[in-house]
Amino acid sequence: MRFKTTFSAITLLFSLLESQAQQFVPLVENILSSFRGLSTVGKNTVWVSGSNGTVGYTKDQGKSWIWVNPVGYEKYDFRDIHAFSNKEAVIINAGSPAVVLRTNDAGKTWHLVYENNHPEIFLDDLAFVGKEGFILGDPLDGFFQLLKTSNKGKTWKDVSSDYFLLADSGEAAFAASGSSMKMFKDRLYIGTGGTYASFFNYYPKGLKIDKYDVPIWSGSSSTGIFAIDFYDLQKGIAVGGNYLDDKNNQNNVLLTTDAGVSWTKPNAPVNGYRSDVLFITENVVLATGTSGTDISYDAGYNWKNISSLSFNTIGKSADNKVIYLTGSKGNVFRLDL
């Protein structure tokens, strides 16, 4: 009996410590932009991008910011960004015309490295491993669009017809957080939504593409997988739901341990629609969306809501010690766990 009492007390103490340690600290507020692009470099550098042509970065973990909006693109919505350093970054916009811009001088100048004027083109997100990267776009003529670079985004090649990513009728990707793709050295994982929610496992070296159904909430244009993250090639999480019903958590998070072949529900789900998910460590995972943020300490099997603040995207420093979130009200926060 004494052991049980002591164990319960220790459990309660850890629970209280976890609750007290979680603090959301504002770094940027009230910028006239909805931030959905977020990229970190090393321990101190963070880049953000969003609507109204807004791009900015910090080199000191958010204490000071430099805004480097590309001239001539004031009405563009830059939904995703990838930074290589304090000086080099690539951004993409949502909608037509689709553009990819690149800077190598910390945003003093931006260079147009790709443009597509197709009236239905819509780029969703980009992912990099080293110098190689991909950009995913919504389907055209029944196939998801895929661009590839091998030189850090200086040039791009349309490989949509080389690796056909077949889309079902009404299926698309989401540009909610730049997180519908996860790239490894020899794998590219993609989560989709809309009428159908699917998961692509693309193996370029083996010239192989597998597509699996994902039983997350789907069936309409506002539902499906909005973000994925994987701790390794096998262990991953998909989040989403319905952004038009963002407090409904009926089926918004699923787990896989076999690279997307099969998916299971957690024991305790997230608290609503979630647009981004991120492994902080192997067991600590964060998910966020417009109706709040949840944390899991057991790799996604049990979730606890820690805030009702509205965010779109999560990022972390290279040493996993600093966590950042961006939102639709021109806000960037730091989360202290």
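What follows is a conversation about a predicted model and the terms used to describe it.

Colleague: What should I know about the numbering and the model before we start?
Modeller: Residues are numbered from 1 along each chain as its sequence is written, and side-chain values use heavy atoms, with hydrogens and water left out. The model is predicted, so local features need pLDDT of at least 70 and side-chain atom pairs count only at pLDDT 80 or more, while totals for chains, interfaces and linings use all residues.

Colleague: Why is T288 called buried?
Modeller: Buried means under 20% relative accessible area, exposed over 50%, and partly exposed in between, with a 1.4 Å probe and protein chains only. T288 has 0% relative accessibility, so T288 counts as buried.

Colleague: Where does T288 lie, and with which residues is T288 in contact?
Modeller: T288 lies in strand β24, residues 285-289; a strand is a DSSP run of E of at least two residues, numbered from the N terminus. Contact means heavy atoms within 4.5 Å. Leaving aside neighbours within four places in sequence, the contacts of T288 include R274, D276, F311 and L325.

Colleague: What makes the pair of T288 and G292 a polar contact?
Modeller: A polar contact is a pair of N or O atoms within 3.5 Å; within protein, one must be able to donate a hydrogen and the other to accept it, and residues adjacent in sequence count only if both atoms are side-chain atoms. A polar atom of the T288 side chain lies 3.5 Å from the backbone oxygen of G292.

Colleague: Why is N320 called partly exposed?
Modeller: Its relative accessibility is 33%, so N320 counts as partly exposed. N320 is found in the loop between β27 (313-316) and β28 (323-326). The N320 side chain reaches the backbone oxygen of I280 at 3.3 Å.

Colleague: What makes β2 and β5 edge strands?
Modeller: Two strands pair if DSSP finds at least two bridges between them. The open sheet has four strands in the order β2-β3-β4-β5, with antiparallel pairing. β2 (35-41) and β5 (66-67) each have a single partner strand, so one side of each is left without a neighbour in the sheet.

Colleague: How many bridges pair β2 with β3?
Modeller: Six bridges pair β2 with β3 (residues 45-50), in the antiparallel sense. V41 stands opposite T45 in β3.

Colleague: Why is β20 described as largely enclosed?
Modeller: Eight of the eight residues of β20 (residues 223-230) are buried, so the strand is largely enclosed by the rest of the structure. Seven bridges join β20 to the antiparallel strand β21 (residues 236-242), and the two form a hairpin with five residues between them.

Colleague: What counts as a pocket, and which residues are closest to the centre of the largest pocket?
Modeller: On a 1 Å grid over the protein atoms alone, a pocket is an open set of points where a 1.4 Å probe fits, with protein on both sides within 12 Å along at least five of seven lines; lining residues have an atom within 4 Å of a point. The largest pocket holds about 970 Å³ of space. Of its 37 lining residues, H82, F128, K182, D229 and L278 are the closest to its centre. β2 gives the largest share of this lining, five residues.

Colleague: What is the volume of the second largest pocket?
Modeller: About 330 Å³. Of the 19 residues that line this second largest pocket, F174, A175, S221, F226 and Y243 are the closest to its centre.

Key
Grid points are joined across faces, edges and corners, and a volume is the space filled by probe spheres set on the points.
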